[in-house]
Amino acid sequence: MKQAKISEAVVKRLPIYLRYLLHMQQMQIHTVSSQHIGKVLDLNPAQIRKDLASFGEFGKKGIGYDVDYLVEKIRHILKLDREIAVVLVGAGHLGHAISNYNAYLKDNMRIAAIFDADPAKLGTQIAGIAIQPLEELSETIATRNIRLAIITVPAPAAQKVADQLIAAGIEGILNFAPISIRTDRDVKIYNADVTSSLQSLAFYLNEKKEIT
Ligand SMILES: NC(=O)c1ccc[n+]([C@@H]2O[C@H](COP(=O)([O-])OP(=O)(O)OC[C@H]3O[C@@H](n4cnc5c(N)ncnc54)[C@H](O)[C@@H]3O)[C@@H](O)[C@H]2O)c1
């Protein structure tokens, strides 16, 4: 089967398609058209067809896509068809929320280990996972084959934590601290910057509603 190089933009849209397709599965809907997906997700159907064609022609003209097959295919492309262990560093407010949410999701991508620098938190648990000291980070990542990491430490600590994670062999980081993590290593880093997103949204506030 044709398997061209998939662009980052497509890789970012695939989880959005997947979420909707899983919903369709729950609704026992077995086939879906790009027009329908486009309408619900507010995306261009031609873009969706192009995205899906980038990993093989399997939609049927006039019939659409087989939902189960598409789910299986996207999960395979995103490597979600296997267990992926994730480490979380920073067991504070956000770390708690993310860990508890992940446990609730019960999918293949699971937080397998949690680390914090605060001695008072060591040994306590979040979602059944004991919080460990940073000294155990490298060994835990290696022995438990952990590939991805989530950073929820304060901004001043985030770069150093990222450096430790990368040195330990982590391949992808989702960073919630409000700084841009830098590395010269081949590691994918996504910065989830809540404050900047809100600041961008502020730009779209309706000036007419301003209280003077
Ligand atoms: N709470 C939110 O809603 C929210 C939302 C978006 C982004 N953030 C960002 O996420 C990060 C965490 O926020 P929070 O509210 O959970 O803070 P928090 O103070 O509740 O938790 C931070 C945790 O990190 C630990 N820590 C500090 N330095 C560390 C280090 N070097 N190694 C390991 N652990 C370390 C602390 O002991 C603490 O448990 C911050 O950078 C914050 O700006 C928070």
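For "binding site", UniProt (unreviewed entry) lists Gly90, Ala91, Gly92, His93, Leu94 and Gly95. UniProt positions follow the numbering used here, feature names are shortened, and annotations may be inferred rather than shown by experiment. Residues are numbered from 1 along each chain as its sequence is written. The model is a predicted one: local features need pLDDT of at least 70, side-chain atom pairs count only at pLDDT 80 or more, and totals for chains, interfaces and linings use all residues.

Leu94 lies in helix H5, and Gly95 has its place in helix H5 as well. Helices (H or I, at least four residues) and strands (E, at least two) are DSSP runs, numbered from the N terminus. Burial is counted from C-beta atoms placed from the backbone: a residue is buried if 20 or more other C-beta atoms lie within 10 Å of its own, exposed if 12 or fewer, and partly exposed in between. Leu94 counts as partly exposed because it has 18 C-beta neighbours inside 10 Å. Gly95 has 24 C-beta neighbours inside 10 Å and therefore counts as buried.

Two residues are in contact if their C-beta atoms, placed from the backbone, lie within 7 Å. Not counting residues up to four places away in sequence, Leu94 touches Thr152 and Phe176. With neighbours within four places in sequence left aside, Gly95 is in contact with Leu88, Gly90, Ile114 and Thr152.

The UniProt annotation "domain: CoA-binding", also from an unreviewed entry, covers residues 79–180. The end C-alpha atoms of residues 79–180 are 26 Å apart, and the span is 32% helix and 26% strand.

Next comes the sheet. Seven strands form an open sheet with mixed pairing, in the order S5-S6-S4-S3-S7-S8-S9. Its edge strands, S5 (125–126) and S9 (188–191), each pair on one side only. Two strands pair if DSSP finds at least two bridges between them. Strand S3 (residues 84–89) and strand S7 (residues 148–151) run parallel and are joined by four bridges. Val86 has Leu148 as its bridge partner in S7. Helix H5 (residues 93–105) packs on the sheet and touches S3, strand S4 (109–115), S5, strand S6 (129–132) and S7. The direction of H5 makes about 145° with that of S4. Axes are lines fitted to C-alpha atoms, for helices over the stretch in contact, and angles run from 0 to 180 degrees between N-to-C directions.

| Helix pair | Axes come within | Crossing angle |
|---|---|---|
| H1 (residues 8–26) and H4 (residues 67–77) | 10 Å | roughly 145° |
| H2 (residues 34–41) and H3 (residues 45–53) | 8 Å | roughly 115° |

H1 passes H4 in a left-handed crossing. A crossing is left-handed if the near helix is turned anticlockwise from the far one by less than a right angle, and right-handed if clockwise. On the H1 side the contact is made by Leu14, Tyr17, Leu18, Leu21, Leu22, Met24 and Gln25, and on the H4 side by Val67, Asp68, Leu70, Val71, Ile74, Arg75 and Ile77. The residues of this contact divide into 11 nonpolar, one polar and two charged. Here Ala, Val, Leu, Ile, Met, Phe, Trp, Tyr, Cys and Pro count as nonpolar, Asp, Glu, Lys and Arg as charged, and the others, Gly among them, as polar.

H2 and H3 cross in a right-handed sense. Ser34, Gln35, Ile37 and Gly38 in H2 meet Pro45, Ile48 and Arg49 in H3. The residues of the H2 contact with H3 comprise three nonpolar, three polar and one charged.

Two further positions follow. Ala142 lies in helix H6 (residues 137–143). Ala142 is exposed because 11 other C-beta atoms lie within 10 Å. Leaving aside neighbours within four places in sequence, Ala142 is in contact with Ala168 and Gly169. Ala142 and Gly169 are 27 residues apart in sequence and 7.6 Å apart in space, C-alpha to C-alpha. Lys106 is placed in the loop between H5 and S4. With 7 other C-beta atoms within 10 Å, Lys106 is exposed.

For the chain overall, the secondary structure comes to eight helices and nine strands. Of its 212 residues, 24% count as buried. The C-alpha trace spans about 60 × 60 × 35 Å along its principal axes.
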